[in-house]
Amino acid sequence: MDSGGAETASTAAARPGRPTRSRAAKKPAPAAPREIALRLDGLVKRFDDTTAVAGIDLAVEQGSFYGIVGPNGAGKTTTLSMVSGLLRPDAGSVHIGDLDVWRDPVAAKRLMGVLPDKLRIFDRLTGGQLLYYNGVLRGLDRATVMLRSRDLAAAFGLEDSLGRLVSDYSAGMTKKLSLAAAMIHSPRLLVLDEPFEAVDPVSAANVIEILRRYVTAGGTVVLSSHTMNLIERICDHVAIIVNGAVLSSGTMAEVRGAATLEDRFVELAGGRRAAEGLEWLSSFSD
Amino acid sequence: MVEQFLGLKLRLLAGAFRRNPWQLVGLVFALLYGLGTSVLVIAGLVSLRFIDIEVARSAEVVFGAVVLVLFAVLPLVLGLDDALDPRRFALFGMSTTRLSVGLGLAALLSVPALVILLIALALIATWSRTGLSVGLAIGSVPVIVVTCVLTARIATSVGAVLLSTRRARDVTMVAGLLLIVCALPVVALLARVDWATDGVAVLSRIERVVSWSPLGAAWASAADGAAGDATGATWKLVIAVAWIGVLAAVWRALVAHALVTPPRQAARRRYAGLGWFDRLPATPIGAIAARGLTYWGRDGRYGMSLAIIPFIPAVMVVALHVGGVPLAQLALLPVPVICLFLSWAVHNDVSFDNTALWLHLAASVTGRNDRWGRLLPVLLLGVPVVVVGSMLSAWAFGSWAVLPSLIGVSGCILLSGLGLSSIMSAAFPYPTVRPGDSPFAQPAGGGSAAGLVQAFSFLLILALSAPAVLFGAFGLLGWPGWHLWSLVAGLGVGLLALVLGTVAGARVYDRRSPALLAAAVRN
């Protein structure tokens, strides 16, 4: 990150005296069942003869911070692509509220902000142009787009970079810009695939704070990651996906039980592989 | 020190042969080809010994100047990787002079240096006429070899500095192509010279100028000696040797500069405002069009395909003119041809976005908006080209009567081409060069499907424009009334094709957009 110092300063100035981690501890369990913001029913996706997603059912309540964890190749990205309307499922359905993403895509996609992983963006635009492009395609007028671009840039610490080509950005800055672009039309639901990959710790704390405020205001966040600690710290609900199927889902407390999320995950995903056969590694060659 | 440089160079040369078998076969063929060419050239030079001295001298000096130009230009155009970049020796702490001498000598150990040595030796045979000329020819051998090798060495280093960024390399390749195309008129001019009668006169006129310049001096000295002009021969040798001094000084300065300059980085530009986005309306169509226009300027893949368009008709005109078609009639050709390639430029537009297309899906951009947004930049450029270009063509043709036909034909090609492109880019996208790759890179896959799609869309555009072309031809053949019908038919068919094409293209896009993204993911 080439402007880390400036970001720290601006982050601190944006929320004076607000402790970063206070909320995770005192978050109350939901009293009454809330509205379902996102529902996946029997979602299946096959590529040639491999089944990437083998019948996933999930229900995400409105206002929750929902983490999807799984090992590499578990089907997280495939699932989120089908949720965000980018990849057509072979079977099953995705509902945002009561809108079917694949039957009524225009209305459903309007409610959603998307951050895909490993897809390109129009990186020969400047940061400002990319935000504008996102906003206008989402139907915002020029004045609104300009205002929101400025606010988002300030919140994500990108003010000094809006005039530069996105292809010159670092990986973390690109991620932050894409995240800002996903929020520009103030969606009800954010679907974020690996939003913290390559983002430095200071920026990540800043992004988490933005997402928490969004959830507090009634928004819903669904994000995937393979960093257990991070998910455990920031999410109130979690689903563990292995080999394209949900092995466990529910509130964080339900899923992890007495152990940590990481222990529970390793247990579900097939246990730790004993490091046998590497004895030579500890008999150093000198 | 010098031995080490020479040894390094020898090992590098040997390393060129240590490849996989097929590359080796290719390399051997390339060497055989080079060897064959050299043998032919040397035979030609030796045969100059037996013809009239003035003719031999003109031919030899002009040939020599061309060789020297090639030594200067080829390293720049080919963008050779400089294995002995002075910068790589920066950390060894050698004196600049020793380094530049060592690297300069190492440059003598190369295939081009060997070729030029053989050529220079052949010149001894060419000028084996008098004692003076043989002596001068022998003395010229090191002068010629050193001049050529040092020139190539300097060009390689300058190239490595100038062309270190990808963008610069692309620009140079394009510039090189343009240079070749612009050289065509010269070739056409040369092709029109009646070599049998005027050839010698033309060559000797060139020779008289070139032989006094550093380009030709080294080659002309022995020729002057053979002609008995001892003073001229001496002066030309002095010029040639002094030029070596200049080259050596330039080379040393380049080495000194390279040692203290880090490799060039592409400058990170800042852009004020939103560019085209500020100028076009804040609607999906406007934004997509602004994005297209922005990419034309910033993405080498678009720049490349647009930059090449004006030169296709130029080549055609020159070729047809050399073939005997009068220039006035050829004036009718460029605008329709430009329109054909312009409208065809967007027939695979979706593929150029690669997976960035996801944004259009996530924002549920409608097919109609997507299609029109992609067409708009071409229309913004194409309509002025049709109007202004047709007027210029009619003026060059010498009759305003053809103006309606010109506008009809080229307008029809542009509009129907855009309509077809609209369907093509949604229905049959094929893999293309990925964003960020060089426009000259080969796309993964592609193959025969791409060729079929291209050929099919070309033929269809031509078929749709047939009525306008036919009526225009009637007009030219003596029924001027038909020119107006050509305009009507052209614009009518064109507009209809554009509207129907975008409607159909929009429908295909709406139905297939997830499939388009899936295809882009596979690319």
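**Conventions.** I number residues from 1 along each chain as its sequence is written, and letter chains from A and number ligands from 1 in the order in which they are written. In this predicted model local features need pLDDT of at least 70 and side-chain atom pairs count only at pLDDT 80 or more, while totals for chains, interfaces and linings use all residues.

**Chain B overall.** I looked up the secondary structure of chain B and found 22 helices and zero strands (DSSP runs, H or I of at least four residues for helices, E of at least two for strands, numbered from the N terminus). Of the 523 residues in chain B, 38% are buried (20 or more other C-beta atoms within 10 Å of the residue's own, with C-beta atoms placed from the backbone). I then took contacts (C-beta atoms, placed from the backbone, within 7 Å). Among those in chain B between residues at least 6 apart in sequence, 80% join residues at least 24 apart.

**α19(B) and α20(B).** I checked helix α19 (residues 367-397) of chain B against helix α20 (residues 403-427) of chain B: they pack at about 165°, with axes 9 Å apart (axes are lines fitted to C-alpha atoms over the stretch in contact, and angles run from 0 to 180 degrees between N-to-C directions). The two are therefore roughly antiparallel to each other (angles over 145 degrees). The contact residues include Gly382(B) of α19(B) and Gly411(B) of α20(B). By class I noted twelve nonpolar, six polar and one charged (Ala, Val, Leu, Ile, Met, Phe, Trp, Tyr, Cys and Pro are nonpolar, Asp, Glu, Lys and Arg charged, the others, Gly among them, polar).

**Chain A to chain B.** I found 29 residues from chain B and 30 residues from chain A in the contact. On the chain B side, α12 (284-298), α18 (358-362) and α22 (482-522) each supply at least two residues. The largest share, six residues, comes from α12(B). That side has 18 nonpolar, six polar and five charged residues.

**Sheet in chain A.** I traced an open sheet of four strands in the order β2-β1-β4-β5 (chain A), with antiparallel pairing (at least two DSSP bridges between two strands). Two bridges join β4 (residues 91-96) of chain A to β5(A), and Ile96(A) has Leu99(A) as its bridge partner in β5(A).

Key. Two residues are in contact if their C-beta atoms, placed from the backbone, lie within 7 Å. A residue is buried if 20 or more other C-beta atoms lie within 10 Å of its own, exposed if 12 or fewer, and partly exposed in between; C-beta atoms are placed from the backbone. Angles under 35 degrees count as roughly parallel, over 145 as roughly antiparallel, 65 to 115 as roughly perpendicular and the rest as oblique.
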